[in-house]
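This report reviews selected local features of one protein model. Please consult the sequence and coordinates shown here alongside the text.

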Amino acid sequence: MQTLFGTAASSGVSRARSTIVREEAPPAGGTITPEAVETELERVAAARAAAAAQLEAIAVGIARAGHPDEAAIFAAQAAMARDPMLSELTGQRIRERLEDGIAATLAAVEEIAAQLRAIPDELLAARAADLTDVGLRIARHLAGRGDEAGPGLEAPAIVVARDIPPSVAATLPRERLLGFALETGSPTAHAAILARAYGIPAVVGVSGLIGGLEQAAAAAGGRPVELAIDGDSGEVVVDPDEPTARRFDELAAKSARAADRAIAEANLPALTSDGAEVTLLANIGTPDESARCIALGARGVGLFRTEFLFLERATPPAEEEQLAAYRSVVEAFAPHPVTIRLLDIGGDKPIPYLPLEPEANPFLGVRALRLAATRPDLFVTQLRAAYRAATAGSVKVMAPMVADATDVELLLSIASQARAGLDRDGLARGEVELGVMLEIPSAILVADTYFARIAFGSLGTNDLLQYTVAVDRGNRALARYQDSLHPALLRLVRDAVAAAERAGIELSVCGEMAGDPVAALALVGLGIRKLSMAAGSLPLVRRAVRGARLTDLCAAVEASLDEATASAVRARFQALAGN
Ligand code: PEP
Ligand code: MG
């Protein structure tokens, strides 16, 4: 038995056999003799048919699991595998250059992909990557490795990998997937997002996991090794002994009971015992997460992080692609509102289509709305998609990293450009409320200079805390500063609430603080009535609010504003959360 720790990325507990999913190198190609041409052409035809059938089966499985958008990607890939142009080009290379099936397929695919990339249409260029994926799948079939073309999971298992690309994550059969444990990655990795959408546990950043499993497998004569993972604490146990297995089974049973209870309580209002009602909203990172949030009683989306559309690709997403993603969420949540956050990327992540100067301090650099000064096109396209999605339901748009009134001017100006462009193009648009994220202290200090011009503010307490105490939010060595109940943060929230009241605009919280049942009570005491959080937090915060009295919360806030430390504040609200 070996116990390891990673970062908890999706709630829940699993104990099951493990399957390691490896990043496979593409099969190597070669040449053939003229006599072998006919046989090689037949082999290629068979491999393409097998790849297409596999992709169609994946599409059907994903569609049945309720993810029609993802299913469409694989159906399109199946069509690519059967594409006559690909067949023609591959055949030509085999006949004329005597390349074998693998070499000819990979080269033909690259030829078509290069043509797609050259067309100034972002959507087509993005399809080039899908086509390359198809080529590799056909090549694996030719190499006799067709089974590796998407890990099938022949038995229910926890999937272990260094990292899992989205295309692989999405092909894992939902019904046999019991969790993820990754050596790398963060809670925002695709596998983690998918795990949260599916409601299965995930732990990421577990270093040494694959080595540990391989050792255990060798000791067990190559049999699959059991793994126990806790997506709430980050604990991962390789080959658990009897007592550990029992402990995990008890945790799993408790977690299943909590999940049942969460669904049963999902329609209860988040109402304090003395009648203050709080609206609970969802934070989502992909449209896939909508169904689970709705099942857990979210009354809209308070933060739709849209970065998933923009990362890991060669060109920015086209307006139509964004529209499809936004509209699917808006339709799922209607009539409740969906708050789309404008792109929050910057110097800390390399984006191939966005050449940015390396910065010494990316979190203080050209990030989020600040990019709009040089790349307004990215934001105008996104806003156009949001205005178009608003014909399907209630849409709000907020800008991240707003520091002052000049940033607000920029937001209003790109929004007006988007509206004018749509009108010019004769495209239908709906009403969109415009707001800002309050995640930089200056934005709150000067709120009175611009609040009257916007419809709402949303406190991003993750960044607000990092910029208030000057502590990197990801630096574990500085944990003592990272409690959102720091009195300095409470004072900023208090000031934001007062400014919003003066201007008569709506105020919510969408940072992790809102999903922490103890800190959420402090926010309610401070006057916040809209809290937006990850799906897993919805039942916990609902229960905490229902167990509290507003008068007690207000009194605790009064006392807390003068406390010296976050831990003293936490102790106060912890006592109230226990009621
Ligand atoms: C925040 O900063 O609180 C926030 C919600 O945004 P993100 O975590 O995406 O930076
Ligand atoms: Mg932020």
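Helices (H or I, at least four residues) and strands (E, at least two) are DSSP runs, numbered from the N terminus.

Glu439 and Asp463 are both buried. Buried means under 20% relative accessible area, exposed over 50%, and partly exposed in between (1.4 Å probe, protein chains only).

## Basis of the values

The model is predicted; local features need pLDDT of at least 70, side-chain atom pairs count only at pLDDT 80 or more, and totals for chains, interfaces and linings use all residues. Residues are numbered from 1 along each chain as its sequence is written, chains are lettered from A and ligands numbered from 1 in the order in which they are written, and side-chain values use heavy atoms, with hydrogens and water left out.

## Helix 13

Helix 13 (residues 405–425) comprises 21 residues and spans 30 Å from first to last C-alpha, close to the 30 Å expected at 1.5 Å a residue; the expected span is 1.5 Å times one less than the number of residues. At its start, a side-chain oxygen of Asp404 comes to within 3.2 Å of the backbone nitrogen of Thr406. Just after the helix, Gly426 adopts a positive phi of about 70°.

The buried residues of helix 13 include Val408, Leu411, Leu412, Ala415 and Leu422. An α-helix has 3.6 residues a turn, so residues three or four places apart point the same way. The cover over the buried residues of helix 13 includes helix 11 (319–333), helix 12 (376–389), strand 13 (395–399) and strand 14.

Eight strands make up an open sheet of mixed pairing, in the order 1-8-7-3-4-5-6-2. Strand 1 (2–5) and strand 2 (7–10) are at the edges with a single partner strand each, so one side of each has no neighbour in the sheet. From one strand to the next, the twist averages 30°. Strand 3 (residues 13–20) and strand 4 (residues 157–161) run parallel and are joined by three bridges, and Ser18 has Ile158 in strand 4 as its bridge partner. Two strands pair if DSSP finds at least two bridges between them.

Helix 8 (residues 209–219) lies across several strands, including strand 8 (235–238), to which it runs at about 25°. Helix 9 (residues 242–264) lies across strand 3, strand 7 and strand 8, at about 115° to strand 3. Axes are lines fitted to C-alpha atoms, for helices over the stretch in contact (heavy atoms within 4.5 Å), and angles run from 0 to 180 degrees between N-to-C directions.

## Loop residues

Leu98, in the loop between helix 3 (84–97) and helix 4 (101–118), has a positive phi of about 55° although it is not a glycine. Leu98 is partly exposed because its relative accessibility is 24%. Ala470 also has a positive phi, near 55°; Ala470 lies in the loop between helix 15 and helix 16 (487–503) and is exposed, with a relative accessible area of 69%.

Ala334 and Pro335 are joined by a cis peptide bond with omega of about 5°. Pro335 is in the loop between helix 11 and strand 12 (338–341).

Methods:
Polar contact = N/O pair within 3.5 Å; in protein donor to acceptor, adjacent residues only side chain to side chain.
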